[in-house]
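Please walk through the structure below one part at a time.

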Amino acid sequence: MKAILYFILIPALLPVFLILRYVYLLDKNEREPLGFVLKVVVWGAIFSIPCAGVERFMISLIGSFYDPATINFAWIENTVGVALVEELSKWLVLMLIVWKNQNFDYRYDGIVYAVSASLGFAALENILYVVSYGTGVSIGRAIFAIPGHATFGVFMGYFLSRAKTFWIDDKRIRMTICKLLALALPMLIHGCYDFLLSEQVAALGYQYIFYLYVLLLDIFAWKVIKHEFRTDRRL
């Protein structure tokens, strides 16, 4: 039984651990309490649980307005039916668990916590995929899906820190805009990611664009991470 458990958990969780470790150790000024970071990871996983049911409902609803064979359906399905639901679950973790916590006191912390919530989501999702489809899916998910969730978290964390700065400076309108951007931008990035993997795009012969998109997205996310930890300061 233990061997089976390890056979499932190691390929499912190893890439999550490696990415989280990398992002966490970049925090040089005042490293976040590991216990609290892991708490955010766990809540990211917990908040992911209702997403599948909500997504099924949303996709069914969208299907009543759009022909499922069309490119319009694919775009709305992946941005609103999937990406909005999943990114909202991560965003709620940050709003409810992290936003007012005293440990969220440096600019880079936004990325640490947003990536942690995203990887918590990705961890449970990955376990379910490995259980359902076998360890053969773990390589592809380690290369694309899990780093993808982490990348969405980078952009969420960037705007989360800006929102916290404006909150401290009592600039409530700018704070609200940045909070909304912390949800909207990852939703659009995530939606585009899934859209490029859709059957409708594949049928048009443009699926190769996905690989270019992922490459550019990863480069840009890395530049954001480098900028944030090099210019990190107390909020």
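D170 counts as exposed, because its relative accessibility is 53%; buried means under 20% relative accessible area, exposed means over 50%, and partly exposed lies in between, with a 1.4 Å probe and protein chains only. D170 sits in the loop between α6 and α7. Helices (H or I, at least four residues) and strands (E, at least two) are DSSP runs, numbered from the N terminus. Although D170 is not a glycine, D170 has a positive phi of about 60 degrees. Most residues other than glycine have a negative phi.

The model is predicted: local features need pLDDT of at least 70 and side-chain atom pairs count only at pLDDT 80 or more, while totals for chains, interfaces and linings use all residues. Residues are numbered from 1 along each chain as its sequence is written, and side-chain values use heavy atoms, with hydrogens and water left out.

Now the whole protein. The protein has 9 helices and 0 strands, and from the N terminus on its elements run α-α-α-α-α-α-α-α-α. The radius of gyration is 18 Å, close to the 18 Å that the globule rule gives for 235 residues, so the protein is as compact as a globular protein of that length. Here the radius of gyration is taken over C-alpha atoms, and the globule rule is 2.2 Å times the number of residues to the power 0.38. Along its principal axes, the C-alpha trace spans about 50 × 50 × 30 Å. Of the 235 residues, 49% count as buried.

Helix α7, residues 172–196, has 25 residues. From its first C-alpha to its last, α7 reaches 36 Å, close to the 36 Å expected at 1.5 Å a residue; the expected span of a helix is 1.5 Å times one less than its number of residues. A kink of about 25 degrees in α7 is centred on L181, where the bend at a residue is the angle between axes fitted to the seven residues ending there and the seven starting there. Helix α5 should span 36 Å with its 25 residues at 1.5 Å a residue, and its end C-alpha atoms are 35 Å apart, which agrees. Of the 25 residues of α5, 18 are buried, so α5 is largely enclosed by the rest of the structure.

I62 is found in helix α3 and counts as buried, at 8% relative accessibility. E228 lies in helix α9 and counts as buried, at 0% relative accessibility. E228 and D27 are 201 residues apart along the chain, and their C-alpha atoms are separated by 9.7 Å.

The empty spaces come next. Rolling a probe the size of a water molecule over the atoms shows where empty space is left. On a 1 Å grid over the protein atoms alone, a cavity is a set of points where a 1.4 Å probe fits but cannot get out, and a pocket is an open set with protein on both sides within 12 Å along at least five of seven lines; lining residues have an atom within 4 Å of a point. Grid points are joined across faces, edges and corners, and a volume is the space filled by probe spheres set on the points.

The largest pocket has a volume of about 870 Å³. Its lining holds 29 residues, and E55, V82, E86, E125 and Y129 lie nearest its centre. Two or more lining residues come from each of α3 (51–63), α4 (71–98), α5 (109–133), α6 (138–168), α7 and α8 (199–204). The largest share, 7 residues, comes from α5. By class, the lining divides into 14 nonpolar, 7 polar and 8 charged residues; Ala, Val, Leu, Ile, Met, Phe, Trp, Tyr, Cys and Pro count as nonpolar, Asp, Glu, Lys and Arg as charged, and the others, Gly among them, as polar.

The second largest pocket has a volume of about 300 Å³. It is lined by 15 residues, with V16, F17, L20, L38 and V41 nearest its centre. α1 (2–25), α2 (34–48) and α5 each give two or more residues to this lining, which divides into 13 nonpolar, 1 polar and 1 charged.
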